[in-house]
Amino acid sequence: MTSADITYHTKIRQVFDEMSKVVVGQQALLNRLLIGLFTGGHILLEGVPGLAKTLTINTLAKALQLDFQRIQFTPDLLPADLIGTMIFNQKSGDFEVKQGPVFANLILADEVNRSPAKVQSALLEAMQEKQVTIGEETFVLDKPFLVLATQNPVEQEGTYPLPEAQIDRFMMKVFVGYLSKDEELEVMRRMSNLNFDYEVQPVLDKEDIFAIKNEINKITISETLEKYIIELVFATRRPLDYNLRDEARYIQYGVSPRASINLNRAAKALAYFDQRDYVLPEDIKEVAPDVFNHRILLNYEAEADGVTTLQIIDSILRKVAIGR
């Protein structure tokens with residue numbers, strides 16, 4: 001590691017320290033958000049309301065000196081409310097472009113499954129193409145551009161679940177769970193103080209983010225581990241070839257090629273965070289559940305037997321050997 005790397009690692013730790021002054025817990029969530037930011041992947045967050053998802057992302061934007069926009073997705077939201085539209089200027093007599101809230105670095109798409117398909121498609125197009133077309137004019141979105149979409153659990157009423165082909169565009173799907181008793185006690189004490197208003201100090205800027213991205217790109221991964229990623233991917237598609245007979249009963253569709261790409265990138269980022277210039281098998285196993293869980297489609301038999309996607313992934317990670 002170079003002296004520049006050590007400086008960046010120090011700054012990354014400072015980001016965690018600054019975040020902890022405002023947000024209690026959620027260290028794993030912050031880790032995944034930074035992985036997405038540094039590797040160019042979008043993150044889907046799922047959890048019940050009130051778990052500080054919005055506060056975490058807003059605080060992160062301040063620490064990274066990035067433009068932040070929160071968009072509340074509702075059933076009556078229109079694509080123009082997201083990307084912008086043409087408005088008529090009475091003084092000039094011409095139509096002008098009014099850019100929407102998607103023109104920012106960090107986008108919080110809150111409750112993305114509350115809006116209909118047209119709005120979801122407009123967001124996903126911006127995510128994929130990194131550009132937006134309004135009228136006859138195309139605008140390139142500012143970099144870095146990261147979408148953090150929150151999703152209510154499917155069992156809640158009034159939602160429009162994202163189709164599998166669209167949800168696959170997210171690098172990772174992260175489940176945000178409840179805090180521990182001690183953490184919730186700390187939250188209660190902080191928030192019950194009506195004067196609590198900690199100012200987050202900026203730690204990184206855009207140039208730092210691009211530099212860290214380049215350093216992560218230099219992380220090495222052995223051919224053995226590259227093939228291990230491919231074996232994990234194919235185990236979800238052809239489980240019987242890996243003697244995963246119980247798992248084969250429940251898997252309807254395996255993961256897409258995006259899974260192998262994103263698992264490789266996420267493992268490199270995790271290695272960089274641990275101040276290593278090479279990937280370990282543990283890096284792959286740690287992020288595999290977040291990369292795979294929204295890409296494996298289970299059948300009705302799995303639902304009837306109470307089998308979850310994370311259980312299937314855990315079984316695959318235990319049974320598929322490295323260097324197979």
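Leu106 stands opposite Leu146 of strand E8. Strands E5 (residues 106-110) and E8 (residues 146-151) run parallel and are joined by 4 bridges. Strands count as paired if DSSP finds at least two bridges between them. Helices (H or I, at least four residues) and strands (E, at least two) are DSSP runs, numbered from the N terminus.

The model is predicted: local features need pLDDT of at least 70, side-chain atom pairs count only at pLDDT 80 or more, and totals for chains, interfaces and linings use all residues. Residues are numbered from 1 along each chain as its sequence is written, and side-chain values use heavy atoms, with hydrogens and water left out.

**Sheet and helices**

E5 and E8 belong to an open sheet of 5 strands, in the order E2-E5-E8-E1-E9, with parallel pairing. Strands E2 (68-72) and E9 (172-175) stand at the edges with a single partner strand each, so one side of each is left without a neighbour in the sheet. On average, neighbouring strands are turned by 20 degrees against each other, direction ignored. Helix H2 (residues 27-39) packs on this sheet, touching E1 (43-46), E5, E8 and E9. The direction of H2 makes about 160 degrees with that of E1. Helix H3 (residues 53-63) lies across E1, E2, E5 and E8, at about 170 degrees to E5. Contact means heavy atoms within 4.5 Å. Axes are lines fitted to C-alpha atoms, for helices over the stretch in contact; angles run from 0 to 180 degrees between N-to-C directions.

**Pocket and cavity**

Both were found on a 1 Å grid over the protein atoms alone: in a cavity a 1.4 Å probe fits but cannot get out, while a pocket is an open set with protein on both sides within 12 Å along at least five of seven lines; lining residues have an atom within 4 Å of a point. Grid points are joined across faces, edges and corners, and a volume is the space filled by probe spheres set on the points.

| Space | Volume | Helices supplying at least two lining residues each |
|---|---|---|
| Second largest pocket | about 710 Å³ | H2, H5 (117-129), H8 (206-217), H11 (257-273) |
| Largest cavity | about 40 Å³ | H1 (3-20), H2 |

Of the 32 residues lining the second largest pocket, Thr39, Gly40, Gly41, Lys213 and Arg265 are the closest to its centre. H8 gives the most to this lining, with 6 residues.

The structure holds 1 cavity of 30 Å³ or more. Lining residues of the largest cavity include Met19, Val23, Leu30 and Thr56.
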